[in-house]
Amino acid sequence: MNKKNVYASLAVAAMTVVAMTSCDKSKSQVDEQAAGSKVVPTETKIAFVEVDSIMTQYKFCKEYSLILQKKGQNIQNTLAQKQQQLEAAAANFQQKVQQNAYTREQAQGIQAQLQRQSADLQALNQRLSGEFQNETEKYNNALRDSIKHFLTSYNKDKKYSLILSKAGDNILYADKAHDITNEVIAGLNKAYKSSPALKDAGKEKK
């Protein structure tokens with residue numbers, strides 16, 4: 001299953017400008033005002049989360065990945081079975097034609113029927129693929145919202161200016177001291193409540 005996706009929050013700093021109000025003030029007063037108006041830089045706290053670890057250790061991901069895997073396999077099995085049936089019917093038709101087992105009208109009718117079955121199979125393929133794509137998108141959206149919601153609460157105390165998602169080599173270098181992956185996974189799993197429907201769907205044998 002294609003695993004992917006994620007999340008970053010950004011903070012901005014404010015700047016204060018002080019204007020001169022009198023032409024009679026000395027240059028030293030102006031310099032003092034300007035110096036007093038300077039913004040003192042605040043510490044920028046940055047952290048990152050390993051996306052691959054979330055995908056393999058977050059309970060929600062594990063449950064939904066199993067569901068998607070089963071649905072994908074079911075789709076493949078259904079399409080493969082119908083394809084085999086169509087190929088067998090086409091081979092049988094060709095054999096009967098060579099044996100002159102049909103009249104011209106009968107052969108044309110059967111051929112038209114096989115063509116309809118082929119078109120129906122293509123339509124079924126498109127429909128099932130679309131349903132699977134929608135289900136995958138639904139999962140990705142739910143995963144993203146879950147992580148964003150948790151990080152919003154988590155960061156109230158941590159006060160990070162930036163939390164990056166690290167997947168593969170999208171970040172060229174990151175000090176492990178800024179890695180909060182384990183904390184995030186532990187928090188996500190603690191907050192996660194598996195719904196009975198999702199749990200049953202994951203256990204369902206198809």
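Helices (H or I, at least four residues) and strands (E, at least two) are DSSP runs, numbered from the N terminus. The model is predicted: local features need pLDDT of at least 70, side-chain atom pairs count only at pLDDT 80 or more, and totals for chains, interfaces and linings use all residues. Residues are numbered from 1 along each chain as its sequence is written, and side-chain values use heavy atoms, leaving out hydrogens and water.

**View 1. Six helices and two strands make up the chain's elements.** Their order along the sequence is α-β-α-α-α-β-α-α. Of the 206 residues, 25% are buried (under 20% relative accessible area, 1.4 Å probe, protein chains only). The chain exposes about 14,900 Å² (Shrake-Rupley method, 1.4 Å probe). Carbon and sulfur atoms supply 51% of that area.

**View 2. The largest nonpolar core holds 23 residues.** Such a core is a set of buried Ala, Val, Leu, Ile, Met, Phe, Trp, Tyr and Cys residues joined through side-chain atoms within 4.5 Å. Ile-54, Tyr-58, Tyr-139, Leu-143, Ile-180 and Val-184 have the most contacts inside it. Two or more residues come from each of strand S1 (46-50) and helices H2 (51-57), H3 (59-98), H4 (104-158) and H5 (181-191). H4 gives the most, six residues.

**View 3. Ile-180 and its contacts.** Contact means heavy atoms within 4.5 Å. Beyond its neighbours within four places in sequence, Ile-180 touches Ala-47, Phe-48, Val-49, Tyr-154, Tyr-160 and Ile-163.

**View 4. A second, separate core has nine residues.** Among them are Leu-86, Phe-93, Leu-121 and Leu-124.

How values were computed: Buried < 20%, exposed > 50% of the residue type's maximum accessible area, 1.4 Å probe, protein only.
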